[in-house]
Amino acid sequence: MYNLLKGKRGIITGALDQNSIAWKVAEKAHEQGAKFVLTNAPIAMRMGQINELAEKTGSEIIPADATNVDDIANLYEKAQEVLGGKIDFVLHSIGMSVNIRKKISYTESNYDYFMKGIDVSAMSLHKMLSVAKKMDVINEGGSVVALTYMAAQRTYPFYTDMADIKAMLESIARSFGYHYGVEKKVRINTVSQSPTKTTAGTGIKGFDAFYDYADSIAPLGNADAESCADYCITLFSDLTRMVTMQNLFHDGGYSSTGVSAEVMEKFSTEE
Ligand SMILES: NC(=O)c1ccc[n+]([C@@H]2O[C@H](COP(=O)([O-])OP(=O)(O)OC[C@H]3O[C@@H](n4cnc5c(N)ncnc54)[C@H](O)[C@@H]3O)[C@@H](O)[C@H]2O)c1
């Protein structure tokens with residue numbers, strides 16, 4: 001028990017069910033002494049099990065569609081009321097591509113769906129940061145973390161439009177990180193996570209095969225949702241107070257490995 005987040009107040013988006021990365025972050029933040037509110041899109045609340053998590057972590061739920069600035073403003077206002085002051089950390093754990101859902105290939109992308117994906121999965125970070133800055137809801141030294149995937153740097157054909165959307169998300173974290181850092185010392189980072197078996201993850205075509213491939217490349221194997229949550233907690237804590245505008249790989253070493261002996265063996269014709 002470290003109490004790394006003792007006395008801190010937070011907002012955690014994106015906990016849909018027990019597999020969600022955000023669900024694990026909420027559990028760990030609770031363990032580390034934080035107080036926080038949970039939020040998700042109203043539709044997801046009807047489908048998910050967020051009430052169970054709220055009960056377990058003693059937190060309130062404030063519905064908000066992250067593409068709607070009025071919802072976001074209401075979220076911040078209510079969160080400050082419920083938690084009794086300004087916010088110290090925010091988790092952005094929101095991703096959705098209609099093109100992926102409808103199994104439309106990258107080159108055939110539907111542009112209305114593409115725009116929707118950008119709004120939900122990348123612009124929502126800008127909106128959450130912009131409203132927070134205007135309302136001055138984040139304490140000095142506060143930390144914002146958004147989750148991303150390495151398809152922003154290298155091509156993974158099945159990740160379709162989400163690759164471009166994640167590149168935008170990472171860029172927003174850097175660009176906003178500059179301005180919010182100068183003005184309020186608020187830090188903004190993205191965590192680039194291994195393939196993880198969640199609703200968003202497993203919705204991707206060929207996910208299982210790719211999950212195994214990544215696992216056989218990464219020296220430490222794929223990072224699971226729980227270890228991702230641990231990493232997020234360190235980023236919310238004061239121990240990382242000088243880390244900002246970074247895209248941080250949390251992937252068991254996958255992103256730095258060209259090929260593994262295990263994969264080589266599968267292709268080897270030598271006796
Ligand atoms: N699962 C993976 O393999 C993987 C890998 C790297 C990064 N990520 C990222 O992690 C984040 C969390 O995804 P997850 O894997 O835990 O899946 P998940 O499906 O459990 O979480 C996605 C969440 O986004 C929420 N959401 C969708 N539209 C929204 C809106 N308009 N407003 C507010 N919330 C909305 C959903 O309700 C859901 O709770 C996403 O950004 C995802 O891209 C996932």
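This is a predicted model: local features need pLDDT of at least 70, side-chain atom pairs count only at pLDDT 80 or more; totals for chains, interfaces and linings use all residues.
**Entry 1**

Residue numbers start from 1 along each chain as its sequence is written. Helices (H or I, at least four residues) and strands (E, at least two) are DSSP runs numbered from the N terminus.

I then took the geometry of the pair: the axes of α4 (residues 69-83) and α6 (residues 111-135) come within 10 Å and cross at roughly 50°. That angle makes α4 oblique to α6. For reference, angles under 35 degrees count as roughly parallel, over 145 as roughly antiparallel, 65 to 115 as roughly perpendicular, and the rest as oblique. The axes are lines fitted to C-alpha atoms, for helices over the stretch in contact, with angles from 0 to 180 degrees between N-to-C directions.

I listed the residues of this contact. On α4 they are Val 69, Ile 72, Ala 73 and Tyr 76, and on α6 they are Lys 127, Met 128, Val 131, Ala 132 and Met 135. Contact here requires C-beta atoms, placed from the backbone, within 7 Å of each other. Sorted by class, the contact of α4 with α6 has eight nonpolar residues, no polar residues and one charged residue. The classes are Ala, Val, Leu, Ile, Met, Phe, Trp, Tyr, Cys and Pro as nonpolar, Asp, Glu, Lys and Arg as charged, and the others, Gly among them, as polar.

**Entry 2: α6 itself**

I followed α6 along its length and found a bend of about 50° at Met 123 (the angle between axes fitted to the seven residues ending there and the seven starting there). The buried residues of α6 are Phe 114, Gly 117, Ser 121, Ala 122, Ser 124, Leu 125, Met 128, Leu 129 and Ala 132. Buried means 20 or more other C-beta atoms within 10 Å of the residue's own, exposed means 12 or fewer, and partly exposed lies in between, with C-beta atoms placed from the backbone. I traced what these buried residues pack against: α4, β4 (87-92), α5 (98-101), β5 (138-148) and α7 (160-184).

I also checked Tyr 111, which lies in α6. Tyr 111 counts as exposed because it has 9 C-beta neighbours inside 10 Å. Its C-alpha atom is separated by 28 Å from that of Ser 20, 91 residues apart along the chain. After α6 I found Asp 136, with a positive phi near 50°.

**Entry 3: α6 against α7**

I turned to α6 and α7, which pack at an angle of about 10° with their axes 9 Å apart. That makes α6 roughly parallel to α7. From α6 the contact draws on Phe 114, Gly 117, Ile 118, Ser 121, Ala 122, Leu 125, His 126, Leu 129 and Lys 133, and from α7 on Asp 161, Met 162, Ile 165, Met 168, Leu 169, Ile 172, Ala 173, Phe 176 and Tyr 180. I recorded 13 nonpolar, three polar and two charged residues in the contact of α6 with α7.

**Entry 4: two positive phi values**

I looked up Thr 160, found in α7; its phi is positive, about 35°, although it is not a glycine. Thr 160 counts as buried because it has 25 C-beta neighbours inside 10 Å. Lys 103 is not a glycine either, and its phi is positive at about 55°. I placed Lys 103 in the loop between α5 and α6. Lys 103 counts as exposed, as it has 11 C-beta neighbours inside 10 Å.

I ended with α1 (residues 21-31), the helix in which Glu 31 lies. Eight of its eleven residues are buried, so α1 is largely enclosed by the rest of the structure. I listed the buried ones as Ile 21, Ala 22, Trp 23, Lys 24, Val 25, Ala 26, Lys 28 and Ala 29. Glu 31 counts as partly exposed, with 16 C-beta neighbours inside 10 Å. α1 is followed by Gly 33, whose phi is positive, near 90°.

I found α1 and α10 (residues 225-236) packed at an angle of about 55°, their axes 8 Å apart. The two helices are therefore oblique to each other, and the crossing of α1 and α10 is right-handed. The contact joins Ile 21, Lys 24, Val 25, Lys 28 and Ala 29 of α1 to Ala 225, Glu 226, Cys 228, Ala 229, Asp 230, Cys 232 and Ile 233 of α10. I counted its classes as eight nonpolar, no polar and four charged.

Conventions:
Two residues are in contact if their C-beta atoms, placed from the backbone, lie within 7 Å. A crossing is left-handed if the near helix is turned anticlockwise from the far one by less than a right angle, and right-handed if clockwise.
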